[in-house]
Amino acid sequence: MRQAVSMVARLGFRLQALPSVLGRQLSCTQDVLCRTPLYDFHLAHSGKMVEFAGWSLPVQYQDSHIDSHLHTRQHCSLFDVSHMLQTKILGSDRVKLMESIVVGDIAELKPNQNKVKELQNRGSDVGLEVVDNALLALQGPTAAQVLQAGVADDLRKLPFMTSAVMEVFGVSGCRVTRCGYTGEDGVEISVPAAGAVHLATALLENPEVKLAGLAARDSLRLEAGLCLYGKDIDEHTTPVEGSLSWTLGKRRRAAMDFPGAKVIVPQLKGKVQQKRVGLMCEGAPMRAHSPILSMEGTVIGTVTSGCPSPCLKKNVAMGYVPYEYSRPGTLLLIEVRRKQQMAVVSKMPFVPTNYYTLK
């Protein structure tokens with residue numbers, strides 16, 4: 001929170017932290033792992049709790065990691081992702097603030113895409129409100145079918161990356177967004193903390209739904225070619241290097257008014273020194289920090305994420321290599337446990353995504 005406030009202050013905005021910031025109910029004190037509103041619920045369901053980014057979260061439950069992963073691909077799973085901070089940015093200069101820290105086109109997006117449409121008034125005040133909600137992700141091909149039983153809204157009219165506020169299984173004030181981080185159809189439900197356990201319990205009454213933890217979430221997002229911040233991308237990675245050029249709005253490319261534009265726009269028009277690529281191999285799994293070598297044995301890059309793919313029965317990974325080695329089909333070597341094994345640069349996602357879009 002302090003980092004967010006100081007960053008905004010450096011950008012020249014007067015930020016007003018609203019009272020709800022100080023009253024946030026999610027349990028977290030200095031030098032103690034933070035707990036989500038579902039912490040006791042996880043323990044009651046045999047969740048194996050581990051430290052993740054300062055939070056105590058379930059890595060898995062009674063089912064194995066592989067079983068949870070495959071269940072998500074074939075049915076649907078429920079994830080607690082309440083560790084991700086939810087905020088509202090208010091004030092007449094809110095769009096200007098957002099466009100000063102991201103490369104996307106905020107002003108031109110439609111309502112209910114999680115971003116405001118346009119700058120209505122010019123000013124210098126920005127309010128930051130931390131929302132005291134839990135966040136549940138219901139992910140998998142039957143997620144919408146399961147959720148439809150508990151909402152009055154027609155979920156067929158809610159395509160990927162749109163949202164609506166609705167009552168969900170008797171809990172009012174929930175914001176349901178058609179999104180997730182598994183590559184499957186699904187939703188993320190921002191639910192008032194007091195109603196989180198009730199909602200999770202209601203969803204689990206459907207036999208299609210099982211609980212899943214961090215282990216499955218990581219392998220699912222990796223199969224879908226999705227980045228984990230701090231591992232696959234960070235503040236030193238440009239969107240072009242990270243193979244995320246689609247995040248750059250057309251208007252903003254032309255105006256060159258986003259952070260890092262003087263570096264990023266030339267990268268769009270030419271070659272970059274390094275690029276994030278997908279990698280696939282058999283044998284021992286590729287893991288983060290494994291060296292990537294050319295076929296001549298020269299170290300050219302590093303693996304940032306890797307795991308065995310439960311769906312493909314092969315090892316998948318992503319990492320950074322010089323541009324000239326980034327073409328799919330390029331053969332490379334990966335050093336795993338001090339032994340070199342062959343890998344091939346592969347297109348991502350490794351497993352086809354199934355996001356729901358209107359026909």
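Buried means under 20% relative accessible area, exposed means over 50%, and partly exposed covers what lies in between. These classes run through the report below. The structure is a predicted model.

**Overall make-up**

The chain has 9 helices and 17 strands. Of its 359 residues, 48% are buried. Take the contacts with a sequence separation of 6 or more: residues 24 or more positions apart account for 66% of them.

**The aromatic pair**

The count of aromatic pairs comes to 1. Its members are F160 and Y355, whose ring centres are 4.3 Å apart and whose planes meet at 15°, so the pair is stacked. The cut-off for stacking is under 30 degrees between planes. F160 belongs to the loop between α5 (143-148) and β8 (163-168), while Y355 sits in the segment after β17 (339-346), so the pair ties together parts that are 195 residues apart in sequence.

Are these two residues buried, exposed or partly exposed? F160 has a relative accessibility of 29%, so F160 counts as partly exposed. Y355 has a relative accessible area of 26% and is likewise partly exposed.

A ring also takes part in a contact with a charge. The charged end of R35 sits over the ring of Y39, at 4.0 Å from the ring centre.

**Accessibility of selected residues**

| Residue | Relative accessible area | Class |
|---|---|---|
| C227 | 8% | buried |
| C307 | 6% | buried |
| E188 | 15% | buried |
| F160 | 29% | partly exposed |
| Y355 | 26% | partly exposed |
| P207 | 73% | exposed |

How many disulfides does a search of the whole structure find? The search finds 0. A disulfide would need a pair of cysteine sulfur atoms within 2.5 Å.

Helix α6 spans residues 196-204, and its buried residues are A196, L199, A200, A202 and L203. They cover an arc of only 160° around the axis, so they lie on the same side of α6.

Helix α9 spans residues 261-269, with A261, I264, V265 and Q267 buried. Viewed down the axis of α9, these residues fall within an arc of 160°, so they line one face of the helix. An α-helix has 3.6 residues a turn, so residues three or four places apart point the same way. What covers the buried residues of α9? The cover includes α8 (250-255). The face turned away from the buried side of α9 carries the exposed residues K262 and K269.

**After α6**

P207 is found in the loop between α6 and β11 (209-211). Its relative accessible area is 73%, so P207 is exposed. P207 and V146 are 61 residues apart in sequence, yet their C-alpha atoms are 9.5 Å apart in space.

**The annotated position**

UniProt, in an unreviewed entry, places the feature "binding site" at E188. Such annotations may be inferred rather than shown by experiment. E188 lies in strand β10 (residues 186-192). With a relative accessible area of 15%, E188 is buried.

Which residues does E188 touch, not counting residues up to four places away in sequence? The contacts of E188 are M84, L135, L136, A137, R175, V176, T177, C179 and G180.

Technical notes. Residues numbered from 1 in each chain as written. Predicted model: local features only at pLDDT ≥ 70, side-chain atom pairs only at ≥ 80, totals over all residues. Heavy atoms only, no water. Buried < 20%, exposed > 50% of the residue type's maximum accessible area, 1.4 Å probe, protein only. Helix = DSSP H or I, 4+ residues; strand = E, 2+ residues; numbered from the N terminus. Arc of directions from axis to C-beta. Contact = heavy atoms within 4.5 Å. Phe/Tyr/Trp six-rings, centres within 6.5 Å; stacked < 30°, edge-to-face > 60°. Lys NZ or Arg CZ within 6 Å of the ring centre and 35° of its normal.
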